[in-house]
Amino acid sequence: MTYLAVPISGKDLKSCKEQIAAACKAGAEMLELRTDYIEGLDGDKLAELIASAKETGLPIIVTCRDSAQGGQNNLNPFVRKQILIEAVKLDADLIDCEYANFKKQEFGDSIKNALAENKKTRLILSAHNFKGPFENLDSIYEQMFTDFPDAIAKAAYLAKHINDCFAAFDILKKYGSKAIAICMGQTGVVSRIIAKKLDAFLTFASVEEDQSTAQGQLTIEKMKKTYRFGEINNKTEFFGLIGDPVEHSIGPIVHNACFAAEKLNKIYLPLLVNGGQIEFDEFLDNVTARGWLDFRGFSVTLPHKVSALEYAQKKGEYIELTAIQIGAVNTLVIGTNERLTGFNTDCGGAMDALTIAMGIKRKQLHNKIVACLGAGGAARAIIAGLVDAGAKVTIYNRTILKAQQLAKEFECHWANLDEIKNIEAEILVNCTSIGMFPKTDASPIPKEYIKPSMVVFDTVYNPLETLLLRQAKQAGAKVVNGSEMYIGQAAEQFKLFTHKDCPMDVLRKVTIETLKNKYLTPDRIGG
Ligand code: NAP
């Protein structure tokens, strides 16, 4: 079992007790009493704190962190050592002692003597690096176990890149429940969830976001509801969204809700991969070299869709024809022997959204006159689908050269953006990011150019209803929401990931609700 531990970090006993109650209510499985946070800490306060924590029935760790390793209140070594010794006498289940201090003979011997007197208390030996990864992580664990074989060995370090997390996964694979390995920072978030699959002794979570004691700590609610922490086991398969940024993406909420609805032992993670092709390649090399992590597929978003295609091509992996034509892969599936397959579900998602709204089959797009605004990644996917169906597409883009290149590639037309006033299209597709949150008061074209006979499709889905779509509705045009394209591509990904049909009602409901909550101000909801 991997305990979901909550640090209790109040400045006084009253706030500690409130935090303990809130942690219990939220579903904490272990409490870490960060006694170094308490102002004027002494033996009486420690005894009262331990007593109230014990009332919960949860196992407790007593920590009195050295300020050199992230501790508060700059407590001197004597006080810190005495607090730990006292905690052992008061039957704390575990104490956490920095390995650097434990190695100092007098400090270490005192702790060892206290533990010898009370076998009920276990020792966590810990090492922290808030600046970056440890160079010699493996030897740190080896030394800790050599010096105190019954210890639980813990290292927590800042992951400067998601690729820094793999060293922690290797440690957990090797030592399982005898170890704790945590990667701090946004890129390390996944280490807190994957810890459970690898049977780490514990992972930390906070009750409220503002109560986290380390960067990247998730709330218990997110751990339990979004990432189904309670259900993760050694058979769990991982999926995820590779991109930069990913923090505010709705992908993890949406895909995890669909996995949960189908009772699948699969979890979808936010995978912040900074950098370009080199870092992307390194990430996939790391994943595919560790089949035991059970990563089985990825959604790929900005800025890595082209890198995903190039990686798959370099490795001689199978890439579906549409993805090659578009020049971008937004879905990777990992199969037997860690071989990859690349797909692009943006195209199918967009074509479904458009044709379902118009009540037509894809082939009925033949000869339809389409104006496509934008020449980026979304435009490529949509133009590929439209041209394939025989639509007559004209590309309008701010950077003319890109419009020209794309038009040449897909054998369609291009025009200057200012020619849009003469637009005679039956279908208008916005593939620019104009109108996207937070600049929601912008629209790619003046409302006068929208005609009632048009179908207006905005790929932007945050907010749910863009200014362009509101104006198109007012003009009497038929509108197609970007969220429908999102839903379409996510449904295809679900099928590629699971070989099952996506629970569409769940996908649609969760997508719309999440987008509403994230991007619409209350006065706009439903308006
Ligand atoms: P991208 O590759 O960066 O392309 C952005 C496009 O927008 C380019 O054509 C760019 O023109 C244009 N643009 C950006 N700011 C502009 C401005 N201020 N004025 C005029 N043109 C501007 O991005 P992308 O991946 O294609 O994404 C574009 C939009 O599609 C995003 O809003 C995204 O949310 C949406 N999208 C939706 C889905 C979905 O599932 N619904 C999927 C993918 C993308 P230049 O070439 O001149 O820079």
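**Salt bridges, domains and ligand shell**

E48 is partly exposed, with a relative accessible area of 38%, and in this predicted model the residue forms a salt bridge with K17, the closest N and O atoms being 2.7 Å apart. The two partners belong to distant parts of the chain, since K17 sits in helix 1 (residues 13-26) and E48 in helix 2 (residues 43-54), 31 residues apart. K17 likewise counts as partly exposed, at 33% relative accessibility. By the rule applied here, the count of salt bridges comes to 28.

A second salt bridge is that of K154 with D96, where the closest N and O atoms are 3.8 Å apart. K154 lies in strand 6 (residues 152-158) and D96 in strand 4 (residues 94-98), so the pair ties together parts that are 58 residues apart in sequence. K154 counts as buried because its relative accessibility is 5%, under the cut-off of 20%, and D96, at 2%, counts as buried as well.

D294 forms a salt bridge with K197, with 2.8 Å between the closest N and O atoms. Here D294 is found in the loop between helix 11 (277-288) and strand 11 (295-300), whereas K197 is in helix 8 (residues 189-197), and the two are 97 residues apart. K197 is buried, with a relative accessible area of 5%. Salt bridges that share partners also join R65, D96, E98 and K154 into one network.

On the scale of the whole chain, the domain assignment gives domain 1 (3-234), domain 2 (240-343) and domain 3 (347-480). The centres of domain 2 and domain 3, taken over C-alpha atoms, are separated by 27 Å.

For T459, a backbone N or O atom lies 2.9 Å from a nitrogen atom of the ligand. Taken alone, the ligand exposes 920 Å², and the protein buries 78% of that area.

Key. Residues numbered from 1 in each chain as written. Predicted model: local features only at pLDDT ≥ 70, side-chain atom pairs only at ≥ 80, totals over all residues. Heavy atoms only, no water. Domains from an automatic or database assignment. Polar contact = N/O pair within 3.5 Å; in protein donor to acceptor, adjacent residues only side chain to side chain. Areas by Shrake-Rupley, 256 points an atom, 1.4 Å probe, with all protein chains shown as cover. Salt bridge = Lys/Arg side-chain N within 4 Å of Asp/Glu carboxyl O. Helix = DSSP H or I, 4+ residues; strand = E, 2+ residues; numbered from the N terminus. Buried < 20%, exposed > 50% of the residue type's maximum accessible area, 1.4 Å probe, protein only.
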